[in-house]
Amino acid sequence: MFNRLFGKPKEQANASALATLDKLNETLDMLEKKEKVLEKKAAAELERAKEFSKAKNKRAAIQSLKRKKLYEQQIEQLGNFQLRIHDQMIMLEAAKATTETVDALRTGAAAMKAMQKATNIDDVDKTMDEINEQTENMKQIQDALSAPLGASADFDEDELEAELEELEGAELESQLLEPVAAPPVHPVQVPGTRIPTRPAPQKASAEEDELAALQAEMAFKLQANP
């Protein structure tokens with residue numbers, strides 16, 4: 001229905017605009033050619049006026065200048081015609097561009113309206129509700145799969161947390177009570193000096209042991225008989 005109402009007039013308007021532009025271009029070309037012919041004639045009359053002036057033929061020279069003026073007036077008139085045609089072509093092209101722009105916007109609006117009609121707000125709300133419902137169902141399924149089974153389901157999470165904190169506290173306390181080992185002390189040796197070493201005691205010989213025993217015996221006798 002829309003194409004039947006607006007399709008043919010739009011095509012006819014575009015065809016008419018194109019035909020008018022072609023006609024204006026043809027007229028413009030014709031005027032430009034005629035202007036060039038008149039310019040040549042005006043230039044020729046000027047040269048003739050110069051020749052008559054040199055020949056001292058004042059009357060003929062003035063007549064040539066008059067004809068030159070007439071040609072120049074016609075050239076000026078043709079220039080005004082060309083200017084008007086240029087203005088008309090510019091306005092027609094602008095109107096054509098405006099018509100095409102409006103037509104494009106109208107087509108875009110019709111397409112948008114058709115798409116909105118195909119997906120109304122009720123369908124969008126229904127689709128979002130279904131997505132939310134499926135998301136909630138999936139969340140419930142994941143919670144059910146991650147829930148503990150069997151004996152582990154009876155454990156109290158709070159009690160386990162408290163027991164873990166107690167173990168951590170005991171471990172920390174045992175670490176604090178352990179004696180701290182003193183770091184080893186290494187002797188500092190000054191460069192260029194040597195620490196004197198004591199000679200190792202030598203093992204006494206048997207004779208020396210015997211001599212020491214006799215001396216002890218004699219000393220005991222002297223003490224016994226003063």
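Here are some notes on this predicted model, for someone opening it for the first time.

1. Some housekeeping before the details. The model is predicted, so local features need pLDDT of at least 70 and side-chain atom pairs count only at pLDDT 80 or more, while totals for chains, interfaces and linings use all residues. Residues are numbered from 1 along each chain as its sequence is written, and side-chain values use heavy atoms, with hydrogens and water left out.

2. Start with helix 2, which covers residues 58-118. Helices here are DSSP runs (H or I, at least four residues), numbered from the N terminus. Its 61 residues should span 90 Å at 1.5 Å a residue, and the end C-alpha atoms are 90 Å apart, which agrees. The expected span is 1.5 Å times one less than the number of residues.

3. Which residues of helix 2 are buried? Among them are Ala 60, Ser 64, Lys 68, Tyr 71, Ile 75, Leu 78 and Gln 82. Buried means under 20% relative accessible area, exposed over 50%, and partly exposed in between (1.4 Å probe, protein chains only).

4. Next, the salt bridges: the whole structure has five. The term means a side-chain nitrogen of Lys or Arg within 4 Å of a carboxyl oxygen of Asp or Glu. One of them pairs Glu 45 with Arg 67, with the closest N and O atoms 3.0 Å apart. Glu 45 sits in helix 1 (residues 2-54) and Arg 67 in helix 2, so this pair ties together parts that are 22 residues apart in sequence. Glu 45 counts as buried, at 6% relative accessibility, whereas Arg 67 is partly exposed at 28%. Shared partners join Glu 45, Arg 48 and Arg 67 into one network of salt bridges.

5. Lys 96 and Glu 100 meet at 2.5 Å, N to O; they are four residues apart in helix 2, about one helical turn. Glu 100 is partly exposed, with a relative accessible area of 39%. Asp 103 and Arg 106 meet at 3.8 Å, N to O, and both lie in helix 2, three residues apart. Arg 106 is partly exposed. An α-helix has 3.6 residues a turn, so residues three or four places apart point the same way.

6. Finally, look at helix 4 (residues 157-177), where Glu 166 lies. Glu 166 is exposed, at 59% relative accessibility. It belongs to a negative surface patch that also includes Glu 157, Asp 158, Glu 159 and Glu 161. Patches take residues with over 30% relative accessible area and no salt bridge, joining like charges within 9 Å and nonpolar side chains (Val, Leu, Ile, Met, Phe, Trp, Tyr) within 5 Å.

Terms used:
Areas by Shrake-Rupley, 256 points an atom, 1.4 Å probe, with all protein chains shown as cover. Lys, Arg positive; Asp, Glu negative; His and termini not counted. Charge placed at Lys NZ, Arg CZ, Asp CG, Glu CD. Helix = DSSP H or I, 4+ residues; strand = E, 2+ residues; numbered from the N terminus.
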